[in-house]
Amino acid sequence: MQSRSSRPSSKNPTQRTTKRFKQADTAGKSRPHSSSNRKKSSITKPRITPEQRKVIVFNKPFDTLSQFTDGDGRKNLADFISIKDVYAAGRLDRDSEGLLVLTNDGILQAKLTQPKSKSEKTYWAQVDGAPSEADLENLRKGVELKDGMTLPAKVEVMPEPKIWERNPPVRFRANIPTTWLAITIIEGRNRQVRRMTAHIGFPTLRLIRYSVGKIVLGDLQPGEWKEISL
């Protein structure tokens with residue numbers, strides 16, 4: 001009796017392989033729900049209407065995180081702000097003070113933080129020493145940091161602002177003057193202003209953000225906040 005495995009096949013191997021490919025292709029086409037799944041995953045949250053928009057202006061104190069939670073027990077936004085479902089539009093370093101804008105509007109958040117929107121942010125920086133006009137001109141043109149050249153900035157010497165005392169106070173060097181600078185940038189790199197002034201040889205001792213776009217800090221004291229309309 002002839003064994004089953006020795007029987008000649010009616011089709012050659014190439015024909016069998018082609019048939020398998022066709023079957024696999026047909027199986028893939030028989031799943032129309034796959035495209036609908038992709039569409040569902042690309043659905044974004046509905047836009048916030050002007051009536052639904054919340055915008056909070058907060059004077060962030062020194063030594064406070066720009067977030068609502070912290071596992072290490074450090075001061076954060078939840079210690080001051082009771083409004084729910086708002087998020088910081090751009091971070092402000094823990095050791096920096098001043099204006100922090102919070103909102104539930106993602107489009108507004110992007111507009112205030114992304115460089116392409118050219119939303120200006122003005123900082124008051126108290127620096128160690130007395131930079132010359134040539135030093136400030138370097139900042140205006142842009143300086144080379146580890147993460148690349150900074151965009152041109154607006155930089156001017158300003159009178160010492162009438163503001164709150166910092167707690168703890170800034171440590172000064174004996175017989176070394178300090179200078180207040182108004183620095184306006186459209187970027188938001190990590191510790192950018194501090195790195196810029198250090199690059200030209202004048203470290204920042206105290207940094208206060210005064211404005212973001214058309215939103216200003218005003219007369220808010222550290223820890224105070226208010227809701228505004230835009």
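Aromatic contacts in the predicted model

Colleague: How many aromatic pairs does a search of the whole structure find?

Modeller: The search gives 2 aromatic pairs, where rings of Phe, Tyr and Trp (its six-membered ring) pair if their centres lie within 6.5 Å, and planes under 30 degrees apart count as stacked, over 60 as edge-to-face and the rest as tilted. This is a predicted model, in which local features need pLDDT of at least 70 and side-chain atom pairs count only at pLDDT 80 or more, while totals for chains, interfaces and linings use all residues. Residues are numbered from 1 along each chain as its sequence is written, and side-chain values use heavy atoms, with hydrogens and water left out.

Colleague: Why is the pair of F58 and F80 called tilted?

Modeller: Their planes stand at 45 degrees, with the ring centres 5.5 Å apart, so the pair is tilted. F58 belongs to strand 1 (residues 55–60) and F80 to the loop between strand 1 and strand 2 (87–88), 22 residues apart.

Colleague: And F58, buried or exposed?

Modeller: F58 is buried, at 0% relative accessibility, whereas F80 is partly exposed at 26%; buried means under 20% relative accessible area, exposed over 50% and partly exposed in between (1.4 Å probe, protein chains only).

Colleague: What about W124 and Y210?

Modeller: W124 and Y210 are stacked, 4.5 Å centre to centre with 10 degrees between the planes. The pair joins strand 4 (residues 121–128), which holds W124, to strand 9 (residues 204–212), which holds Y210, 86 residues apart.

Colleague: Switching topic, which ring does the charged end of R166 sit over?

Modeller: The charged end of R166 sits over the ring of F62, 4.0 Å from its centre, the criterion being NZ of Lys or CZ of Arg within 6 Å of the ring centre and within 35 degrees of the ring normal.

Definitions and conventions. Helix = DSSP H or I, 4+ residues; strand = E, 2+ residues; numbered from the N terminus.
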